[in-house]
Amino acid sequence: MPAPKNEFKAALSRGERQIGCWLGLADAYSAEIMGTAGFDWLLIDGEHAPNDLRSILAQLQVLESSASHSVVRLPIGETWMIKQVLDLGAQNILIPMVESGEQAAALVKAVQYPPRGVRGVGSALARASKFSGIPDYPSTADDEICLLVQVENRAGMAALDDILALDGIDGVFIGPADLAADMGHIGKPGAPEVQDAIAGAVRRILEAGKAAGILAVDPASIDTYADLGVTFLAVGIDVTLLAGAARALAARCRA
């Protein structure tokens, strides 16, 4: 019995656009609600949201029966952190602030079992193997892991071709906010210089046969990035959706 088929990874490899949403509320109940909304994928954010292993696990559990695929973003690309979320059952992971080919190559090794990689072989007690219920998990898991890396500063942009040359990198996500800040346009990801850099990066990613990803939270940006051919496109954040709707309702009722 092999590891579960990763349909999100398969869709990206076919170039099928996947529409997603960020989960920053760090709560299984709200994640379950978002799982009914119809998104292709939902990003459990461990970088800027107050998530830990237990809350990530709970969200993976409630989303397992959903039509939305789970993606877990770690705070940093440490091998031990990657090992833990993979053992929790995450098949899609996003690593922020990747700045070199060497760093990306180390991430590829971290998601693969020996002899190709360095992932610890502890699947016997892991949720990923259904607690030894998938006997062939160690020999089949590598092919079903989807590794997505974030390029979000000038160093990462300079190393983009080296990153794209690596087997094992399934997609590259461009971080507009951090890129804008690093380029001297903090808070202004729509600056022409930043948008030109994003457009060029998306083109190179797609030409390399990888999936290109980005987060957009306004209709104009969503249309712009869709026109560029972005493959996995996040179009909202649960935190801002809730805050915006609540503030609008309060203001309307007070008026």
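This section describes the strand arrangement, helix packing, nonpolar cores and aromatic pairs of a predicted model.

In the predicted model, 8 strands close into a barrel, and their order is β1-β2-β3-β4-β5-β6-β7-β8 with parallel pairing. On average, and with direction ignored, neighbouring strands of this sheet are turned by 25 degrees against each other. Two of the strand pairings may be described in detail. Strands β2 and β3 run parallel and are joined by 5 bridges; within this pairing, L43 has V71 of β3 as its bridge partner. Strand β3, which spans residues 69-73, is mostly covered, with 4 of its 5 residues buried. Strand β5 (residues 146-151) also runs parallel to its partner β6, to which 4 bridges join it. In this second pairing, V151 stands opposite I174 of β6.

Helix α10 comprises 16 residues (residues 192-207). From its first C-alpha to its last, helix α10 reaches 22 Å, close to the 22 Å expected at 1.5 Å a residue. Its buried residues are V194, Q195, I198, G200, A201, V202 and I205. An α-helix has 3.6 residues a turn, so residues three or four places apart point the same way. The cover over the buried residues of α10 includes the helices α7 (154-158), α8 (160-164), α9 (176-182) and α11, together with the strands β6 and β7. Just after α10, G209 adopts a positive phi of about 80 degrees. Helix α11 (residues 219-228) lies across β7 (211-215) and β8 (232-237), and runs at about 170 degrees to β8.

Leaving aside neighbours within four places in sequence, I205 is in contact with L160, L164, V172, I174, K210, A211 and A212. Between I205 and F173, the C-alpha to C-alpha distance is 9.4 Å, while the separation in sequence is 32 residues.

The nonpolar interior was considered next. In soluble globular proteins, nonpolar side chains tend to be buried together. The largest nonpolar core of the model contains 54 residues, of which I82, I93, L147, V172 and I174 touch the most other members. Apart from this core lies another, of 14 residues, including L12, L43, V71 and F232. Residues up to four places away in sequence not being counted, I93 touches V71, V72, I82, V85, L86, V111, C146, L147 and L148.

The structure holds 6 aromatic pairs. One of them is formed by F8 and W41, whose rings are tilted, at 6.1 Å centre to centre and with 45 degrees between the planes. Because F8 lies in helix α1 (residues 7-13) and W41 in strand β2 (residues 41-45), this pair ties together parts that are 33 residues apart in sequence. W22 is located in strand β1 (residues 18-23) and F173 in strand β6 (residues 171-174), so the contact ties together parts that are 151 residues apart in sequence. W22 is buried, its relative accessible area being 5%, and F173 is likewise buried at 3%. One aromatic cluster brings together F8, W22, W41, F173 and F232.

A buried residue is also found in a loop. S129 lies in the loop between α5 (101-110) and α6 (137-140), and is buried with a relative accessible area of 1%. With residues up to four places away in sequence not counted, S129 touches S123, A124, I134 and Y137.

Methods: Residues numbered from 1 in each chain as written. Predicted model: local features only at pLDDT ≥ 70, side-chain atom pairs only at ≥ 80, totals over all residues. Heavy atoms only, no water. Phe/Tyr/Trp six-rings, centres within 6.5 Å; stacked < 30°, edge-to-face > 60°. Buried < 20%, exposed > 50% of the residue type's maximum accessible area, 1.4 Å probe, protein only. Pairing = 2+ DSSP bridges. Axes fitted to C-alpha atoms, helices over the stretch in contact; angles between N-to-C directions. Contact = heavy atoms within 4.5 Å. Expected span 1.5 Å × (residues − 1). Core = buried A, V, L, I, M, F, W, Y, C linked by side-chain atoms within 4.5 Å.
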